[in-house]
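Subject: Structure handover

Hello,

Here is the structure I promised to pass on. Please open it alongside this note; my findings follow below.

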Amino acid sequence: MWQTLLKKFEKYPAQAKVLKLLFERGFQVNEEGKVTSGSIEIAHTQLAKEAGVDRRVVDATTKTIISDELLSTIFKNVHSIPFLRDVAPSLGLGVIIIIPEDASHVGILAEVAGLISRSNVSIRQAVSDDPYLTDNPRLTIITDKKVPGELVDKILELPSVKGVSIY
């Protein structure tokens, strides 16, 4: 899917950077070409600064998005979510970060979730990095309580898991 989107910008690498930023942050692009998060409008100059491009590149990217049916559908409907990883310890929640052997392997989340549930720990959130968007994808699982050490050992025994971090 990601390659299909990037192909539309293969001649415009700066616009591809903007596209990736918009998608990673879950920003929408409305019919007027304005970038939003819900009803909050985000200045093209701020986006350009973050992406390391000129504001006109952001303008051109949003024009391309609204003129393309697939891109328009995606960017009218994409949403961001609150990611609890960095605040979980303050909320008394556990964090498990899985480093996969191969992020495209089928069933990593199912295997890990099975072990977690059998340890009588509830999953509050699971966020998986897209291996097509991230060089070192991780699976981050937020649990309802701190993770017991024996659970980490069991997760590390899974053939699909290369490493585990908890906090």
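How many helices and strands does the chain have? There are 7 helices and 7 strands. Please keep in mind that this is a predicted model.

**The chain as a whole**

The C-alpha trace spans about 55 × 30 × 25 Å along its principal axes. The chain holds 167 residues, and 40% of them count as buried.

**Domains**

Domain 1 covers 8-76, and domain 2 covers 88-166. Taken over C-alpha atoms, the centres of domain 1 and domain 2 lie 32 Å apart.

**Leucine 5**

Now to a single residue. Leucine 5 belongs to helix 1, which runs over residues 2-7. Is leucine 5 buried or exposed? Its relative accessibility is 0%, so leucine 5 counts as buried. The cut-off for buried is under 20% relative accessible area.

Which residues does leucine 5 touch, leaving aside those up to four places away in sequence? They are Leu19, Leu70, Leu71 and Ile74.

**Helix 6 and helix 7**

Last, a helix pair. Two packed helices are described by the angle between their axes and the distance between the axes. Helix 6 spans residues 108-118, and helix 7 spans residues 149-156. They pack at an angle of about 150°, and their axes are 10 Å apart. Because angles over 145 degrees count as roughly antiparallel, helix 6 is roughly antiparallel to helix 7. The crossing of helix 6 and helix 7 is right-handed.

Which residues meet in this pair? Helix 6 brings Val112, Leu115 and Ile116. Helix 7 brings Leu151, Lys154 and Ile155. The residues of this contact divide into 5 nonpolar, no polar and 1 charged. Lys154 is the charged one, since Lys counts as charged.

That is the handover. Write back with any questions.

Best wishes

Methods:
Residues numbered from 1 in each chain as written. Predicted model: local features only at pLDDT ≥ 70, side-chain atom pairs only at ≥ 80, totals over all residues. Heavy atoms only, no water. Helix = DSSP H or I, 4+ residues; strand = E, 2+ residues; numbered from the N terminus. Buried < 20%, exposed > 50% of the residue type's maximum accessible area, 1.4 Å probe, protein only. Contact = heavy atoms within 4.5 Å. Axes fitted to C-alpha atoms, helices over the stretch in contact; angles between N-to-C directions. Parallel < 35°, antiparallel > 145°, perpendicular 65-115°, else oblique. Left-handed = near helix turned anticlockwise from the far one by under 90°. Domains from an automatic or database assignment.
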